[in-house]
Amino acid sequence: MNPRARVLLLNPALGPLDYRVDPGQDVRPGSIVLAPLGPRQWTGVVWEADRMPSDAEVGDNRLRPLAGVYDLPPLGEPLRRLIEWTANYYLAPPAAVLRMALSSASALDGARTVTEYRATGRVPDRLTPQREQALERIGERQGLVRELAAIADVSDAVIRGLVKAGAIEAVEVSVDDPFLDPDPDHARPDLSADQAAVAGRLVEAVRAHAFQPFLLDGVTGSGKTEVYFEAVAEAIRQGRQTLVLLPEIALTEPFLKRFAARFGHAPIAWHSDLRQSQRRRAWRAIATGEAKVVVGARSALFLPYAKLGLIVVDEAHETSFKQEDGVMYHARDVAVMRGGFESCPVVLASATPAIETRQQVALGRYEELKLPGRYGVAQMPDINEVDLLRDPPPRGRWLAPTLVKAIEETLERKEQALLFLNRRGYAPLTLCRTCGHRFQCPNCTAWMVEHRLMARLACHHCGHVMPPPAFCPECKAEDSLVACGPGVERIADEASALFPDAKTAVVTSDTLWSPAKAAEFVGRMEAGDIDIVIGTQLITKGYHFPNLTLVGVVDADLGLAGGDLRAAERSFQQIAQVAGRAGRGAKPGHVYIQTREPSAPVIRALVSGDAESFYAAETESRRAANAPPFGRYAAIIISSEKLEEAVETARLIGRTAPQVDGMHVFGPAPAPLAMLRGRHRQRLLVHARRALDVQDVIRQWLGALEWPRGVRVAVDVDPYSFV
Ligand code: ADP
Ligand code: ZN
């Protein structure tokens, strides 16, 4: 056995280091090990020495021994190659990528049991009102002390007192209980002929155990989910694992229910909201291959699947698949790479595919599968524009008479309406009528957004909050502050004023921040407990409410402002998605789009239903500008708490830009968000032809430079955010 192992530690500041392997230690590439470094021990993974050069060559006799090898399956070769590829492509330290694979520290060792508590049924000698309340609320439930305290709404001390008094007892619970396997034949749907043809092709690809990317392109409600479930069923039959990536955690709950209805049991969910014990249980089941189907946010992509047979990226056009901090990767693109390394099919499902994805189809790299119409009797909704210049709302209001009338008719029919505005809070800007003072975040180049539900002003970039001011801090005038423009809360107020008997609900990341909240919302919608939903982009995708027949887009022009290269495409996708929430059942759907620019190509495409010519025009303008997917960009973002340092470093980087054929460097310039979380930001934009290895150029360019410790230089390859 090789007495030496090269180990990538979970420390992004370090390259790989060599350790001595003692006889009896079973170490091979991928083994998860514990290694000493200074006074500490670090977790790491053994790598092939020739794939991971180390600049710290140490003689055999000076090597420190490995401290231990975890009793876990080694990370597979496909995952190791994926980690290398991701680090290389996105210019990230390999250890930072590895950390996403080993994202549950408690999964590696830690106890196999946790101590939970439950009532014994014995009544304590001293029964205070608090104790009585606690026992009543806890009932049959079981959990950690802190979880029971939360259920009972008492302090931890009350629960501990009850344990001492014998009314609550400890139980050891195994955290590695097996998961129930989904049954591929539990409730198979009758597919339409179109659906069956597409499902058949996917099933064939799953059986082939070979890499094949697909674009599953079908209008909202055409049965894309139903169809890829057939591929999932086949993967289960083949004894292989499936990963389904969803863009938002809020979407997982309805998805889990639907999955359980089809397969008899819920899949394994992976997202940031998991408790530690759930995280451990899921991670280990994924690593051993016991987990058959995993549904997760983008962070599920790097988990150590033992035997991956299928990857699905649902709502694949969603920009939330792009991670904007740490390793700035795009989960859709990395999912396709993982499919390549694992030799399995990858299905990108979308009603509004990204131009990047359509281009891959055009090049013959992805196979396109189409579902032309809605399933069953459901028809696509009719889409109407509301010209805000000709049909304006009354002063100080935001809903035009045409839309108000449509809401009224919807409510009369006892159907549900959805108003879409992609702006959280009550008003995006507060200003003083007397002196014109505007409330700005002290840490960011951004206005403070008024949130009436929470009674505060908040910065949407850094989270800074302040109580609503009683007077203007500038001119001290009282009662002089006015809210400018609408957010969803303001639209909800307007809807309530117009329809006092209607039950409204505001759906944003402020109100729907956990799977439980999302489930509660879905329950209320299904029970008819909500008449009008007012929501941000969170409401635009995935939901299926048959009684929802009206969608009003409050401000279709909002997404077009800002001038980023994907603004028109994104606007089109967002409005098409939200329109897709209308009329998904037997009742016909209606969509009203409020706009000041009814002749804009985005609006024309939506109203006429001619997506193809919109996409064709967008694609042509990208080609003409050599913008993605035809050329590529990389952003270099320099930030520091000291303005001078940021500017100096940005200038240094700009000055030393290499002359490379087919590459252009723009900037440096202050970023549009010139200050973020108290750091000053400068940007450079690298524009290059597709074939150029721009990462290599940037690596050498920045690698030769030095800058002050307080300066951060981040490279965003294929950026989606231009602020
Ligand atoms: P998409 O993912 O394309 O938006 P879904 O798969 O969510 O479409 O289908 C829309 C609705 O139609 C869902 O309620 C789904 O259960 C139903 N549906 C689609 N195809 C079938 C089918 N073959 N049999 C029964 N119900 C179906
Ligand atoms: Zn801020």
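This is a predicted model: local features need pLDDT of at least 70, side-chain atom pairs count only at pLDDT 80 or more; totals for chains, interfaces and linings use all residues.
Q: How far apart are the centres of domain 1 and domain 2?
A: Domain 1 covers 4-102 and domain 2 covers 113-174. Taking the centres over C-alpha atoms, the separation is 44 Å.

Q: Between which domains does the second largest pocket lie?
A: This pocket holds about 850 Å³ of space. Helix 8 (224-237), helix 9 (252-263) and helix 15 (515-526) each give two or more residues to its lining. Two domains supply lining residues, so the pocket lies between domain 3 (193-371) and domain 4 (377-423 + 488-629).

Q: Which residues lie nearest the centre of the second largest pocket?
A: The lining has 37 residues. By class, that's 14 nonpolar, 12 polar and 11 charged. The ones nearest the centre are Thr225, Arg258, Gly542, His544 and Arg584.

Q: What is the largest C-alpha distance among Cys432, Cys435, Cys472 and Cys475?
A: An unreviewed UniProt entry annotates these four cysteines as "binding site". They are spread over 44 residues of sequence, yet they cluster in space. Their largest C-alpha distance is 8.6 Å.

Q: Is cysteine 432 buried or exposed?
A: Cysteine 432 sits in strand 18 (residues 429-432). Setting aside residues up to four places away in sequence, Cys432 touches His437, Cys472, Cys475, Ser480 and Leu481. The cut-off for buried is under 20% relative accessible area. Cysteine 432 has 1%, so it counts as buried.

Q: Where is serine 480, and which residues does it touch?
A: Serine 480 is in the loop between strand 21 and strand 22. Its relative accessible area is 3%, so it's buried. Not counting residues up to four places away in sequence, it touches Leu431, Cys432, Arg433 and Thr434.

Q: Over how many residues of sequence are Cys441, Cys444, Cys459 and Cys462 spread?
A: The unreviewed UniProt entry puts "binding site" on these four cysteines too. They cluster in space, with a largest C-alpha distance of 8.6 Å.

Q: Which residues does cysteine 459 touch?
A: Cysteine 459 lies in the loop between strand 20 (456-458) and strand 21. With a relative accessible area of 3%, it is buried. Leaving out residues up to four places away in sequence, its partners are Cys441, Cys444, Ala446, Met448 and His464.

Q: What is the relative accessibility of cysteine 462?
A: Cysteine 462 is placed in the loop between strand 20 and strand 21. Residues up to four places away in sequence aside, it touches Cys441, Asn443, Cys444 and Arg677. Cysteine 462 counts as partly exposed, at 24%.

Conventions
Residues are numbered from 1 along each chain as its sequence is written. Chains are lettered from A and ligands numbered from 1 in the order in which they are written. Side-chain values use heavy atoms; hydrogens and water are left out. On a 1 Å grid over the protein atoms alone, a cavity is a set of points where a 1.4 Å probe fits but cannot get out, and a pocket is an open set with protein on both sides within 12 Å along at least five of seven lines; lining residues have an atom within 4 Å of a point. Grid points are joined across faces, edges and corners, and a volume is the space filled by probe spheres set on the points. Helices (H or I, at least four residues) and strands (E, at least two) are DSSP runs, numbered from the N terminus. Ala, Val, Leu, Ile, Met, Phe, Trp, Tyr, Cys and Pro count as nonpolar, Asp, Glu, Lys and Arg as charged, and the others, Gly among them, as polar. Domain bounds come from an automatic or database domain assignment. UniProt positions are given in the numbering used here, feature names are shortened, and annotations may be inferred rather than shown by experiment. Buried means under 20% relative accessible area, exposed over 50%, partly exposed in between (1.4 Å probe, protein chains only). Contact means heavy atoms within 4.5 Å.
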